[in-house]
Each structure stands twice: as C-alpha cells, then as structure tokens.
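Dear colleague,

I am passing on the structure below, and after it you will find a short account of what turned up in it. Please keep it open while you read.

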Amino acid sequence: YQEQVIEIFRKLGGYTLGQADNMRRAISKKKQNVIVQEQQAFVYGDPAREIPGAIANGVSEQAAQKIYSEILDFANYAFNKAHAVCYAKVSYETAWLKCHYPRQYMAALMTSMLSDTEKVAWYISECKELGIGILPPDVNRSEDVFTVEEGAIRFGLGAVKNVGRGLIRKMVAERETNGPFTGITDFCKRLRETELNKRAVENLIKCGAMDCFGYHRSQLLAVYESVIGWITTQEKKNLSGQVSLFDSLEDHASDMTVQIPEIPEQDLFTILNDEKQTTGLYISGHPMDKYRAALRKTAAVPILEVAGENASFRDGEIVTVCGVVQAVTTKTTRNNSMMAYVTLEDDTATVEVLVFSATLSKYESLLIPGAAVALEGRVSLRDDKPTQLIANLVMDVQSYADAGKGKYRPKLNCVRPCGKLYLKLPSEDSLKYAKTKAILNMFPGSVPAILYFADTGCRRGTTCVPETVMVEELRALLGETCVVEK
C-alpha cells in the first residue's frame, strides 16, 4: 500500500514524514520521472535535503536497488489502504450480486450505461454468455430502464433515441391506469397531450417497440403519419368548436379507421439497420449471425479480444477479424494518395481500421457501409489512442467462411523476406522525411532500415517490420527506385 511506501522511505531512506509523503503523492499521480529521479537519493542519500539514504542506514546497495525497483513497479498501480479495502468490498458485493441475482445485476449495469451504447452492447454479449435472454423493447411492457421479466431482461425505452424519459414515464403511467395500448391509433390518441411527436413514434416502430400490435414494421411506418395527422385535425376541430359540447375526441376515436396496407415486411438488413440507428444496437439479431457457425472453423477472433479493455493481442501481431463496416472516412495524405479510416463492428466491439492507399485500391469495393467482411491486419497500440488495426487484406466474409475449413489463414506475404531496407530521401527538412518517419513508426520491428539523404549524404538508421503494405506506401511516397530491399 502507499502507506507502506511512506514507511520504506522513512525507515530505510531516512526521509522525513513530509518528504516521504511527497514521494507517496508522486506515486499516486504516476509521476514516473519524479520517482525515477529519486532513486539516487533513496539509495545514496541527498545532503542538500538532509536525506542520509538507505546505505547509510545499514542497507546494502544491492538490497536498496532491489527495493526501489519494486517501488517503481508498484507505482504503476498504487492504492492507499483505505482505497484498496473499498475496492475489495465493492468487488465482493458485485461478484455476489452477479452470482446470485445475475438478471437484476446485468439489468442495473446496462441501465447505468444507457448513454454508452458500446458498453451496453458489451454487456448484452455478456448476457448471452450467461444464458440470459434479452427481450426487445415493447410499449406495453418496457420501462425507461432495463428490467427483469420472466427470467430475461426487457430492453429499456430510455435507450431509444428521440424518446424522452418524460414521455416514457407518462406512457407507463397511462397503461397502468387505463390498460395496455391496443394499437397505434390507441397509443397516439392516449398520449396526445404528452411530448409525443412523429420522430418518437417512428423510432418506437423502427426499434420494434410496437411489434406487440401484430403488424409488420413496414405497415406501421406506412400509416403512423396519417394517424398523428388525424388526431391533430380532431384536436383543431375541437378547439374551433366544430365538435359539439357533448362530444369529445375520445367519442370520435371510433370514427377513425386506419387502412393498414397489405405490404411485406422489410428485409432483415433494413430491420437491423433501423434498430442500430434508433438505439445504437442490434436487437433482433446481428448481421454476422448467419456467418457465426462457419466462422468458428476459421482463425478469426472477436473484435473484443483485439480492441477490448482486456485485449489479448500485442502491438504488431497479425490478426483476422470479421464484422460489418459501419463507417468509412477517406482522406488525402501529404503525398496526395488516398487512405481510409474504417469502423468495423461485430457483436462484441468495434475497432478502427487504417487502410493505406495501396490496400485501399485493391479492396475499396468491399469497404462500404453495411458490408460484412473478413479483414486481416496488424494490431497498432499507441498510448494516446484506442487500439487500431492496419489492414493488409480484405475479403467478403462469406468467401472467407467458405474457405475456412481447417483454420483458414489468407496466403498473404505480409512480412517480406528482407535483411535491410534502404530508403533514399531528398533531405531531412523535406515533408517526405516527416511522412517516412510516420510510416516507419507505425510498423515497429527488428529489421534495420537505412535512410540516406541526397543533399548531405548523411545516413540514419532505425528498425521496422517490412510488411507489404508499408513497403508499398513508401514506394508510393518516395518512388520505386528510392526503396530497396536487400
């Protein structure tokens, strides 16, 4: 604990209580440079601050150095005792709740993260692993939060976009007082004096919350505007005196007959996309569901294992993931080539994929929003940003699954046989040098790279991993004759 570090500095290093607490504070704030600089004083002393040091207090130099190295390790994740005890207590309590009341626990957890759709998706995936069913949103059953119902968890309407908490609570109160809603007309009529609007009704239909009325979503989407328009017209008539003193809007409700068109339901892709658009999640399923069984026979891993909080892949490792392309953003690089930032999602997580120009030119037709793809790439971990993948190869996911009998791995010459990589640049002041450094930094490895500057004849050395995509990017930047592998 941090308290023990204070005592180590005091009793072994000879620090005053205030000096020792200053080091405790540096450790708690993870001020690595301060902690490293203090090692000299701890071991050998600092006369200017009247610190005798561990050696002067009878500790051998070897033991003092070893103790301080443990302090450096401890500083990476240091707690005071009270903090650690509270963590232990909360950890035990939540583990107990998850074990004995898993449905209530997961429902509360998802409610606490309503505004973070990525976390909710992760917890829904956890529910599936625990065998807990997720029931779709329902205007006759859902509340604003996730609730436990019949051994499963009912989706909360608070997660539906453009449906306010006030509207949801009035909806719940209305059905508790006057019974379930019997149809879309009944629903709109009974909630007409709330903040109900066209966008809210549309999103409730698209997320599946009105499936309980027994019609296809396509049918309800075709008539909801007419229903709201009729109700608005009746209210205006009432206000202008066109409805007699002895009549009311409720009395005239039976006059309204909505002709539900006989049209087929939307395709599954549209249904899932609508759910994703209105809740940030896929509810009825996932576009990858139909490929899941076949993908188990391949080398593909869940995106959560690559980009989650407890990811198991290291920087530079080559992985294959499968998912749906959510977004594609292209940009022009400094050397006037195109690259793309692709958001790829499966049912566990999302990851950003960098696609450089050479790879983009080959696979651009596959990288479109809504497409299900298999993607092989290199893991890129940087301290200041979430995990990224650098794409090497992209395939249609069905083609990948069909080829997947026996742990398929694409036959891609990712890492080229190369003793050294020689690069010729115009000067150290050129934009090409800055771009070259950025590319090399994204492909760390142990193969030597020699940079030659034409204006001065100076050479600089670094290391990299000569993947095909990297070499192609360098050749596009510097020219074919300026990139030589030996």
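Cys482 counts as buried, because its relative accessibility is 17% and buried means under 20% relative accessible area, with a 1.4 Å probe and protein chains only. Please note that the model is predicted, so that local features need pLDDT of at least 70 and side-chain atom pairs pLDDT 80 or more, while totals for chains, interfaces and linings use all residues. Residues are numbered from 1 along each chain as its sequence is written, and side-chain values use heavy atoms, without hydrogens and water.

Cys127 is likewise buried, with a relative accessible area of 0%. A search of the whole structure finds zero disulfides, a disulfide being a pair of cysteine sulfur atoms within 2.5 Å. Cys127 is therefore in no disulfide, as the nearest cysteine sulfur, that of Cys99, is 15 Å away.

Turning to the strands (DSSP runs of E, at least two residues, numbered from the N terminus), two of them pair if DSSP finds at least two bridges between them. Strand E4 (residues 318-332) and strand E5 (residues 338-345) pair in the antiparallel sense over eight bridges, with Thr332 standing opposite Met338 in E5. The hairpin of E4 and E5 has five residues between the strands, and there Asn336 takes a positive phi near 65 degrees. E5 is also joined to strand E6 (residues 350-355), antiparallel, by six bridges, and Ala340 has Val355 in E6 as its bridge partner. The hairpin from E5 to E6 passes through four residues.

Best wishes

Definitions and conventions
Buried means under 20% relative accessible area, exposed over 50%, partly exposed in between (1.4 Å probe, protein chains only).
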